[in-house]
Amino acid sequence: MEWIDVAAFDTLPDGGVRGFEVAGRPVALVRQGAVVHALHDICSHQFAFLSDGVVEDGCLECPLHQGRFCLKTGKAMGGPVDAPVATYAAKVEGGRVLVCLD
Ligand code: FES
């Protein structure tokens, strides 16, 4: 398992989302308190960055047509989306957020 250092934990807004490119892959990091979720940052419906959307009720909502994806599993939870988005393992160590794309 290769862990990639992505960002300082304290630069992530609590309850919010930020987009990053991790080893060439778009990744959305969502912070909820001490926990960070990592999801593929492109919607499974059409082309939109999920990191331009909002976090609500345990989901990340796409800014384009309001498709919703579970933060933990990436499962499609509502709106026009059927397909999930990938999720990645994420952890916080020494004040840094690390993501594994394996
Ligand atoms: Fe995301 Fe349509 S592009 S819901």
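1. Let's start with the charged pairs: the structure holds five salt bridges. Please keep in mind as you read that this is a predicted model. Side chains of opposite charge can pair when their charged atoms come close.

2. Which residue does Asp5 pair with? Its salt-bridge partner is Arg96, with the closest N and O atoms 2.7 Å apart. Asp5 belongs to strand E1 (residues 3-8) and Arg96 to strand E10 (residues 96-100), so this pair ties together parts that are 91 residues apart in sequence. Asp5 counts as partly exposed at 43% relative accessibility, and Arg96 is partly exposed as well, at 33%.

3. A second pair to look at is Glu56 with Arg68, whose side chains meet in a salt bridge at 3.6 Å, N to O. Here, too, distant parts of the chain are linked: Glu56 sits in strand E5 (residues 54-56) and Arg68 in strand E7 (residues 68-70), twelve residues apart. Arg68 has 17% relative accessibility, and because the cut-off for buried is under 20%, Arg68 counts as buried.

4. Lys91 and Glu93 also meet through their side chains in a salt bridge, at 3.1 Å from N to O. Lys91 is partly exposed with a relative accessible area of 25%, and Glu93 is partly exposed at 43%.

5. The protein chain has zero helices and ten strands. Its radius of gyration is 12 Å, close to the 13 Å that the globule rule gives for 102 residues, so the chain is as compact as a globular protein of that length. Along its principal axes, the C-alpha trace spans about 40 × 25 × 20 Å.

6. How much of the protein chain is buried? Of its 102 residues, 45% count as buried. Among contacts with a separation of 6 or more, 39% are between residues 24 or more positions apart.

7. Last, the surface and the overall charge. The protein chain exposes about 5200 Å², and carbon and sulfur atoms supply 49% of that area.

Note on methods:
Residues are numbered from 1 along each chain as its sequence is written. This is a predicted model: local features need pLDDT of at least 70, side-chain atom pairs count only at pLDDT 80 or more; totals for chains, interfaces and linings use all residues. Side-chain values use heavy atoms; hydrogens and water are left out. Helices (H or I, at least four residues) and strands (E, at least two) are DSSP runs, numbered from the N terminus. The radius of gyration is taken over C-alpha atoms; the globule rule is 2.2 Å times the number of residues to the power 0.38. Buried means under 20% relative accessible area, exposed over 50%, partly exposed in between (1.4 Å probe, protein chains only). Contact means heavy atoms within 4.5 Å. Accessible areas come from the Shrake-Rupley method with a 1.4 Å probe; for residues, only the protein chains shown count as cover. A salt bridge is a side-chain nitrogen of Lys or Arg within 4 Å of a carboxyl oxygen of Asp or Glu.
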